[in-house]
Amino acid sequence: MSENMSLEERKVIYRARRGLKEIDVYFDPYVKNHYLVADEHEKALFAELVEQEDPDLLDWFMEVIEPPRTELKDLIVKLKHYVHG
């Protein structure tokens with residue numbers, strides 16, 4: 001990680017560590033390879049995503065229910081694409 005990260009970026013990266021394998025499999029590669037080079041809009045969406053509760057995230061990633069906003073769904077699809085291709 002870069003030493004030039006903002007405090008907000010550091011907080012988001014810290015919050016992205018869930019300890020729940022089903023979520024970490026998506027969050028970890030994104031944080032390591034894409035988050036710091038993402039545009040501000042995507043960083044804000046990811047920050048919003050990591051603030052959600054684990055049960056909601058699991059439901060969204062497993063496609064049990066859809067996130068409340070289309071933008072979050074689109075980001076989840078992107079994160080899944082990074083892992084599964």
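This is a predicted model: local features need pLDDT of at least 70, side-chain atom pairs count only at pLDDT 80 or more; totals for chains, interfaces and linings use all residues.
1. The largest nonpolar core contains 23 residues. Phe 27, Phe 46, Leu 49, Leu 57, Phe 61 and Leu 79 have the most contacts inside this core. At least two of its residues come from each of α1 (7-16), α2 (21-33), α3, α4 (54-61) and α5. In soluble globular proteins, nonpolar side chains tend to be buried together.

2. Leu 49 is one of the core residues with the most contacts. Leaving out residues up to four places away in sequence, Leu 49 touches Phe 27, Leu 57, Trp 60, Phe 61, Leu 72, Leu 75, Ile 76 and Leu 79.

3. Lys 43 sits in helix α3, which spans residues 40-50. Is Lys 43 buried or exposed? Its relative accessible area is 8%, and because the cut-off for buried is under 20%, Lys 43 counts as buried.

4. Tyr 82 belongs to helix α5, residues 70-84. Its relative accessibility is 31%; the value falls between the limits of 20% and 50%, so Tyr 82 is classed as partly exposed. With residues up to four places away in sequence not counted, Tyr 82 touches Tyr 30 and His 34.

5. Which distances separate Tyr 82 and Gly 19 in sequence and in space? The two residues are 63 residues apart in sequence, and their C-alpha atoms are 20 Å apart in space.

How values were computed:
Residues are numbered from 1 along each chain as its sequence is written. Side-chain values use heavy atoms; hydrogens and water are left out. Helices (H or I, at least four residues) and strands (E, at least two) are DSSP runs, numbered from the N terminus. Buried means under 20% relative accessible area, exposed over 50%, partly exposed in between (1.4 Å probe, protein chains only). Contact means heavy atoms within 4.5 Å. A nonpolar core is a set of buried Ala, Val, Leu, Ile, Met, Phe, Trp, Tyr and Cys residues joined through side-chain atoms within 4.5 Å.
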